[in-house]
Amino acid sequence: MRLSRSLATGAAALALLATLSGCGSDSESGSGARTGADSVFGSDGGSDGGSDGGSGQATTGGLPRASDTESVASYLNRYTPCQGVVTGDEYDSGHDGDAWGTDESEDPAWGIEERAVCTDGSDRPIALLTVSDMKEFQTAAKASGDEFLVGEDFAVVPVGDEAVRGLQQSDLRFLTCDADLAVPSGFEKEPALVDGCVLTNYVPE
């Protein structure tokens, strides 16, 4: 599901978030974005004293981090149901391409360490992705045209509108490489790690 084209289903503006911290680098952070391939949404940091210890906590002044997909699920559960976490392969065995990343997670160009899937309150899938190299991930996202909601070292791709709306209240950022995206006054917009891509707390309708 491509968050960028997918978030279109019902994504609303994200609540203003704290200043971005580097997504593995200085001031640029790879967070917020629609999620994934062409139909994700639409188809239907660590800084000083806020170390999260890999539990999906937001670091001081930065994006949330997570050490594994269980930690990602734990973080998401604060804003929207993320239940029944299974590995991507387990989920795919009973569902035909419902969750983003079946092929991408096998492609080294994406830098995806682990892919899992949980379901929201409407039994819609949310792809959970831990990322070893966020710049590499953003480069692949730019090439594919996909959009994601991202933290410092992970990305998620919700399908259901309820999940998208719930996650708008989190500290995730919308990652998009859409040059035509106009961010309304009052929302934040920062350069991502890849030229031509941005992170914002605004998610288009």
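Q: Is D123 buried or exposed?
A: First, the ground rules: this is a predicted model, where local features need pLDDT of at least 70, side-chain atom pairs count only at pLDDT 80 or more, and totals for chains, interfaces and linings use all residues. Numbering runs from 1 along each chain as its sequence is written, and side-chain values use heavy atoms, with hydrogens and water left out. Buried means under 20% relative accessible area, exposed over 50% and partly exposed in between, with a 1.4 Å probe and protein chains only. At a relative accessible area of 58%, D123 is therefore exposed.

Q: Where does D123 sit, in terms of strands and loops?
A: Helices (H or I, at least four residues) and strands (E, at least two) are DSSP runs, numbered from the N terminus. Most residues other than glycine have a negative phi. D123 has a positive one, near 65°. Its place is in the loop between strand 4 and strand 5 (125–131).

Q: How many disulfides does the count come to?
A: A pair of cysteine sulfur atoms within 2.5 Å is called a disulfide. C82 and C118 qualify, with their sulfur atoms 2.0 Å apart, and so do C177 and C197, at 1.9 Å from S to S, because the cut-off is 2.5 Å. Counting bonded cysteines along the chain gives the pattern 1-2, 3-4. The count comes to two.

Q: How many residues apart in sequence are the parts that C82 and C118 tie together?
A: The torsion about their S-S bond is about -110°, so this disulfide is left-handed. C82 lies in the loop between helix 2 (69–76) and strand 3 (83–87), and C118 in strand 4 (residues 112–119). Both cysteines are buried. The parts tied together are apart in sequence by 36 residues.

Q: Which residue of strand 8 stands opposite F148?
A: Two strands pair if DSSP finds at least two bridges between them. Strand 8 pairs in the antiparallel sense, over three bridges, with strand 6 (residues 148–150). R173 and L175 point one way from strand 8 while F174 and T176 point the other way, and all are buried. The residue opposite F148 is L175.

Q: Which residue of strand 10 does F174 face?
A: Strand 10 also pairs with strand 8, antiparallel and over three bridges. Standing opposite F174 there is T200.

Q: Within what arc do the buried residues of helix 4 fall?
A: Helix 4 (residues 134–144) has M134, F137, Q138, A140 and A141 buried. Seen down the axis, they line one face of the helix; the arc is that of the directions from the helix axis to the C-beta atoms. These residues pack (contact means heavy atoms within 4.5 Å) against strand 4, strand 5, strand 6, strand 7 (154–158) and strand 8.

Q: Which residue with a positive phi follows helix 4?
A: At the start of helix 4, a side-chain oxygen of D133 reaches to within 3.1 Å of the backbone nitrogen of K135. After the helix comes a residue with phi near 85°, namely G145.

Notes: Polar contact = N/O pair within 3.5 Å; in protein donor to acceptor, adjacent residues only side chain to side chain.
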